[in-house]
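Please read them alongside the sequence and the coordinates.

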Amino acid sequence: MAPIAFLTKSRQLIRPKSFKSISTFVHLHQEAELAEPPLPPSSPQTPLPPNPASGSPLYNQNWMNHIPSAGPGDAALIPAGLGFLRPNSAARMQSLSQSLDSKSLLDQFANWMASQRWAEMKQLFEFWIRSLDKSGKPNKPDVSLYNQYLRANLMIGASAGELLDLLAQMDDFGIIPNTASFNLVLKAMQKAGETKAAEKLIERMLQTGREYKESLPDDESYDLVIGMLFSKNQIDSALKYIDLTLKSGYMLSMKVFANCVQSCVSNGRLDTLVSIIERCKKMDQNKFVCPPWATCNYIADLATRSDNSELTYYALEFMAKWIARGEKARPAVHISADEGLVVSALGTAARTYNSKLLDGSWAVLKRSLRQKVPNPESYIGKIYAYANLGNLQKAFGTLHEFEIAHGNSKQEDTEGFFSPFHSLNPLVIACSKKGFETLDSVYYQLENLSKADPPYKSVAALNCIILGCANIWDVERAYLTFSSIESTFGLTPDIHSYNALICAFGKLSKADEAVKVFEHFVGLGVKPNMTTYSLLVDAHLVKRDPKAALSLISDMISAGYEPSKEMLKKVRRRSIREMDYESNDKVESLARNFKIRMGTECAKDVGCQVFSFALKSTLVSLHIVNFGFTTS
């Protein structure tokens with residue numbers, strides 16, 4: 001006994017894992033091993049079989065058979081040189097299973113899940129259900145414990161079919177699968193891409209849930225199925241389950257919502273996307289659903305291109321939520337919407353007559369700029385929207401803001417921001433929509449505002465009224481309004497004022513008066529622009545005088561402007577109709593000099609041209625005949 005005691009005090013029986021032997025032969029490293037104490041004769045070495053009266057589902061099986069194979073992790077715990085000392089994993093699992101009740105087993109699984117010991121969880125559960133509890137009855141798992149067994153099988157790569165078989169075995173233990181049980185099977189189906197099986201399984205969950213509420217699908221169940229359907233581009237089926245998700249009162253996950261947005265946008269189903277967003281906004285659970293910032297911009301851009309005002313509004317609303325979140329963060333994160341995108345949204349609001357989108361777009365822009373002045377295009381878009389909506393009061397109010405922000409009387413309006421022919425033309429159309437009734441109403445409101453405190457006087461607003469009078473062919477009212485710029489409002493007419501008056505005279509074929517207006521403001525030192533020359537050319541063409549129009553084009557070229565293709569086509573058309581072929585040749589020469597491809601006229605104009613040449617030939621023939629008759 002002394003040598004054995006000496007060995008137990010001086011050396012370990014099993015070396016640690018860091019032990020490295022010099023030789024690989026096992027017999028060179030054999031060491032003394034203590035014999036295990038014999039078991040008392042009173043303790044049985046083999047457990048009794050299950051009681052047949054207990055109704056165990058394992059009674060007909062060979063209860064003596066154990067799983068002989070050990071887990072792959074157990075083999076790595078013992079060095080290769082000490083293979084004869086490797087413990088029996090099955091025996092260890094069997095011994096552990098006999099010492100655990102259901103609660104202890106669940107705690108053991110919780111510890112092993114952290115280290116992902118899925119194979120050992122599966123093996124221990126199979127041993128445990130073959131063991132007896134303290135009362136001598138077979139262990140019976142509950143649904144939560146069985147779900148851990150299903151999870152272990154899923155993590156080690158079990159297929160959806162194998163999990164369905166395990167799900168069917170729950171009836172042997174008198175367990176009804178709950179939602180978590182079905183979700184584990186759905187995850188396996190998601191990995192395999194089995195969409196049809198997933199739809200059948202969720203229908204089974206709905207049927208089972210009518211009697212057992214714990215089996216109804218939850219938000220995770222719907223997310224798994226919807227994600228599979230979107231991945232297979234089965235949009236209609238996915239939308240059906242999204243509808244079920246919302247009807248059940250569950251929250252739509254951001255991943256599913258992003259997939260929904262992408263699929264609806266890719267397939268052009270914007271109205272469907274609008275209906276889903278509206279339903280989410282009506283529910284408390286989904287009220288705060290907000291897609292990522294990039295997705296918001298993508299939705300807004302596509303919605304403005306399609307003139308979908310409702311979807312554009314929701315996209316801007318999502319962007320406003322992101323801006324508010326950034327402002328509340330510490331440190332603050334300043335997120336700004338693209339001003340060009342907001343201008344597009346204003347255009348959509350104008351074309352669809354959506355005042356809600358108009359107010360929302362401007363609010364997002366002001367919050368994004370943070371006390372900065374919007375660009376002129378933003379003001380023009382807002383004026384355009386209010387003018388289309390017929391809200392002239394707010395339209396002229398926006399024009400006043402525009403003039404304060406960007407109006408500079410000392411700087412020439414080269415961009416045409418305050419031109420009634422270009423940027424402010426929607427306001428002109430709105431003013432002349434009901435004829436002189438609307439024009440007089442706007443004029444009297446401007447006259448009253450000029451006497452207010454502080455007074456509001458605007459040449460741009462009066463120019464819109466002058467051009468509006470020209471649009472209704474009322475040159476007298478246009479001339480009176482032009483005269484009131486100086487006499488009533490105490491302002492000085494600008495080039496746009498003179499252009500509007502020229503337009504009024506030109507529409508009534510009063511080219512001489514239009515030329516006098518031109519000569520008048522040129523004598524005052526006001527420089528004409530391209531619009532001036534274009535209006536004068538139109539006035540001469542209305543009077544059927546292409547030669548005067550070409551003379552004016554020569555003056556325009558001398559002033560540094562180039563004729564447009566549309567202007568030359570108008571002159572050519574009038575020259576052909578008036579059979580002025582000399583003027584037609586000059587037009588062709590100008591087109592070649594400025595490298596303008598005139599192209600061909602429409603069928604009607606070509607017919608007129610052929611008719612004019614035929615008429616000319618006929619007249620020449622008649623002239624020859626008459627000349628011959630006279631000489632004879």
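1. Across residues 494-528 the chain is 74% helix and 0% strand, with the end C-alpha atoms 10 Å apart; helices (H or I, at least four residues) and strands (E, at least two) are DSSP runs, numbered from the N terminus. This is a predicted model, in which local features need pLDDT of at least 70 and side-chain atom pairs count only at pLDDT 80 or more, whereas totals for chains, interfaces and linings use all residues. Residues are numbered from 1 along each chain as its sequence is written, and side-chain values use heavy atoms, with hydrogens and water left out.

2. Residues 178-212 are 83% helix and 0% strand, and their end C-alpha atoms lie 8 Å apart.

3. The protein chain as a whole comes to 30 helices and zero strands. Of its 632 residues, 41% are buried (under 20% relative accessible area, with exposed meaning over 50% and partly exposed in between; 1.4 Å probe, protein chains only).

4. Taking contact as heavy atoms within 4.5 Å, residues 24 or more positions apart account for 63% of the contacts in the protein chain with a separation of 6 or more.

5. The count of disulfides (pairs of cysteine sulfur atoms within 2.5 Å) is zero.
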